[in-house]
Amino acid sequence: MQTCESATAYVIAALEAKGTATRDDFDVTAIVTSVQSVIDSWDFEILEPQSFWRIAASYLRV
């Protein structure tokens with residue numbers, strides 16, 4: 001079963017997967033909220049990768 005916690009873990013893992021960014025570089029909570037509202041599910045794996053990265057990029061902390 002997918003939950004908010006598993007969705008948050010998914011986002012953090014995706015952001016840190018390449019080793020070029022960390023969770024602190026992004027507003028993780030805002031990403032989770034945004035993605036969940038777009039797909040109306042906690043199963044973030046159903047979102048197309050390019051859509052995920054478009055959302056994540058809008059929450060990059062600069």
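**Helix packing and salt bridges in a predicted model**

Modeller: Arg23 counts as partly exposed because its relative accessibility is 39%. Buried means under 20% relative accessible area, exposed means over 50%, and partly exposed lies in between, with a 1.4 Å probe and protein chains only.

Biologist: What kind of model is this, and which residues and atoms count?

Modeller: This is a predicted model, in which local features need pLDDT of at least 70 and side-chain atom pairs count only at pLDDT 80 or more, while totals for chains, interfaces and linings use all residues. Residues are numbered from 1 along each chain as its sequence is written, and side-chain values use heavy atoms, with hydrogens and water left out.

Biologist: With which residue does Arg23 form a salt bridge?

Modeller: Side chains of opposite charge can pair when their charged atoms come close. The criterion for a salt bridge is a side-chain nitrogen of Lys or Arg within 4 Å of a carboxyl oxygen of Asp or Glu. Arg23 pairs with Glu16, at 3.3 Å from N to O. Glu16 counts as partly exposed because its relative accessibility is 28%.

Biologist: How many salt bridges does the structure hold?

Modeller: There are 2. Besides the bridge of Glu16 with Arg23, Asp27 forms one with Arg61, where the closest N and O atoms are 4.0 Å apart.

Biologist: Which parts of the chain does the pair of Asp27 and Arg61 link?

Modeller: They are distant parts, 34 residues apart: Asp27 sits in the loop between helix H1 (4-16) and H2, and Arg61 in the segment after H3. Helices here are DSSP runs (H or I, at least four residues; strands would be E, at least two), numbered from the N terminus. Asp27 is partly exposed because its relative accessible area is 27%. Arg61, at 48% relative accessibility, is therefore counted as partly exposed too.

Biologist: At what angle do H2 and H3 cross?

Modeller: A crossing is read from axes, which are lines fitted to C-alpha atoms, for helices over the stretch in contact; angles run from 0 to 180 degrees between N-to-C directions. H2 (residues 28-39) and H3 (residues 49-57) cross at roughly 140 degrees, and their axes come within 9 Å. They are therefore oblique to each other. Angles under 35 degrees count as roughly parallel, over 145 as roughly antiparallel, 65 to 115 as roughly perpendicular and the rest as oblique.

Biologist: Is the crossing of H2 and H3 left-handed or right-handed?

Modeller: H2 passes H3 in a right-handed crossing. The near helix is compared with the far one: turned anticlockwise by less than a right angle it is left-handed, and clockwise it is right-handed.

Biologist: Which residues make the contact of H2 with H3?

Modeller: H2 contributes Ile31, Ser34, Val35 and Val38, and H3 contributes Phe52, Ile55 and Ala56. Contact means heavy atoms within 4.5 Å. By class, 6 of these residues are nonpolar, 1 is polar and none is charged. Nonpolar covers Ala, Val, Leu, Ile, Met, Phe, Trp, Tyr, Cys and Pro; charged covers Asp, Glu, Lys and Arg; the others, Gly among them, are polar.

Biologist: Which residues of H1 meet H3?

Modeller: The axes of H1 and H3 come within 12 Å and cross at roughly 85 degrees, so the two helices are roughly perpendicular. From H1, Tyr10, Val11, Ala14 and Leu15 meet Phe52, Trp53 and Ala56 in H3. This contact divides into 7 nonpolar, no polar and no charged residues.

Biologist: Where do H1 and H2 meet?

Modeller: Their axes come within 10 Å and cross at roughly 115 degrees, in a right-handed crossing. Cys4, Ala7, Thr8, Val11, Ile12 and Leu15 of H1 meet Val28, Ile31 and Val32 of H2. The classes are 8 nonpolar, 1 polar and no charged.

Biologist: Is Leu15 buried or exposed?

Modeller: Leu15 counts as buried because its relative accessibility is 4%. Leaving aside neighbours within four places in sequence, Leu15 contacts Ala21, Phe26, Val28, Ile31, Trp53 and Ala56.

Biologist: Which residues does Ala56 contact?

Modeller: With neighbours within four places in sequence again set aside, Ala56 touches Leu15, Phe26 and Ile31. Ala56 and Ile31 are 25 residues apart in sequence, with their C-alpha atoms 5.8 Å apart. Ala56 is buried, because its relative accessible area is 0%.

Biologist: What is the phi value of Asp40?

Modeller: Phi of Asp40 is near 55 degrees, which is positive in a residue other than glycine. Asp40 lies in the loop between H2 and H3, and is exposed because its relative accessible area is 65%.
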